[in-house]
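Colleague: I would like to learn how to read a protein model one feature at a time. Could we look at one together?

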Amino acid sequence: MPDSSFKCISLRDMACTERELLRWLGVMETLFEPAGREAAAWLFKLNGGHARIAWAPLPDRVIALVRLKRLEVRLECEQSVPDDEARRFVFEFDRHTQRGGG
């Protein structure tokens, strides 16, 4: 059941494993103070409140013979977190989860 004090600021369909996501969350802990962990969610302290990154498995994406693991990833902030702080949190998450290049 969703916590009404949190608002979803970004919903992602990410082609990654839980192990990869946990590695990226470890990097996020160097940028934002950890505030707790649950089985499928990590909390971080932000100016004005908390942010939560929660995930759930999705069916694999199959393209011909290729199978890609997928997760639904929700970035949420408490209602009390200012918009600019929420944007900074999403920006840092994006920066540390980007792959490849061009």
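Colleague: Leaving aside its neighbours within four places in sequence, which residues is Glu92 in contact with?

Modeller: Let me first say how the model should be read: it is a predicted model, in which local features need pLDDT of at least 70 and side-chain atom pairs count only at pLDDT 80 or more, while totals for chains, interfaces and linings use all residues. Residues are numbered from 1 along each chain as its sequence is written, and side-chain values use heavy atoms, with hydrogens and water left out. Contact means heavy atoms within 4.5 Å, and with neighbours within four places set aside, Glu92 is in contact with Met28, Leu31 and Phe32.

Colleague: Where is Glu92 placed, and does it count as buried or exposed?

Modeller: Helices (H or I, at least four residues) and strands (E, at least two) are DSSP runs, numbered from the N terminus, and Glu92 has its place in helix α2. For accessibility, buried means under 20% relative accessible area, exposed over 50%, and partly exposed in between, with a 1.4 Å probe and protein chains only. Glu92, at 12% relative accessibility, counts as buried.

Colleague: How many helices and strands does the protein have, and what pattern do they follow along the sequence?

Modeller: The secondary structure comes to 2 helices and 5 strands, and read along the sequence these follow the pattern β-α-β-β-β-β-α. The radius of gyration, taken over C-alpha atoms, can be set beside the globule rule, which is 2.2 Å times the number of residues to the power 0.38. Here the radius of gyration is 14 Å, close to the 13 Å that the rule gives for 102 residues, so the protein is as compact as a globular protein of that length.

Colleague: What share of the residues is buried, and what share of the contacts with a separation of 6 or more joins residues 24 or more positions apart?

Modeller: Buried residues make up 35% of the 102 residues. Of the contacts with a separation of 6 or more, 59% come from residues 24 or more positions apart.

Colleague: Which residues does Trp24 contact beyond its neighbours within four places in sequence?

Modeller: Trp24 lies in helix α1, residues 18-31, and at 8% relative accessibility it counts as buried. Beyond those neighbours, Trp24 is in contact with Met14, Cys16, His96, Thr97 and Arg99. Trp24 and Thr97 are 73 residues apart in sequence, and their C-alpha atoms are 6.5 Å apart in space.

Colleague: Which residues does His96 touch when those up to four places away in sequence are not counted?

Modeller: His96 touches Trp24, Val27 and Leu31 under that condition. His96 lies in helix α2, residues 83-97, and at 23% relative accessibility it counts as partly exposed.

Colleague: How many disulfides does a search of the whole structure find?

Modeller: A disulfide is a covalent bond between the sulfur atoms of two cysteines. In this reading, a disulfide is a pair of cysteine sulfur atoms within 2.5 Å, and a search of the whole structure finds 0. The sulfur of Cys16 is 16 Å from the closest cysteine sulfur, in Cys8, which is too far for a bond. For Cys77, the closest cysteine sulfur is also in Cys8, at 9.7 Å, again too far for a bond. Cys16 is buried, with a relative accessible area of 3%, and Cys77 is buried as well, with a relative accessible area of 0%.

Colleague: What is phi of Ala64 near, in degrees?

Modeller: Most residues other than glycine have a negative phi. Phi of Ala64, however, is near 55 degrees, a positive value in a residue other than glycine. Ala64 lies in the loop between β4 (49-63) and β5 (66-78), and at 73% relative accessibility it counts as exposed.

Colleague: In which loop is Ala40 found, and which residues does it touch, not counting those up to four places away in sequence?

Modeller: Ala40 is found in the loop between β2 (34-38) and β3 (41-46), and it counts as partly exposed at 30% relative accessibility. Not counting residues up to four places away in sequence, Ala40 touches Ile53, Ala54 and Trp55. The C-alpha atoms of Ala40 and Ile53 are separated by 8.4 Å, although the two residues are 13 residues apart along the chain.
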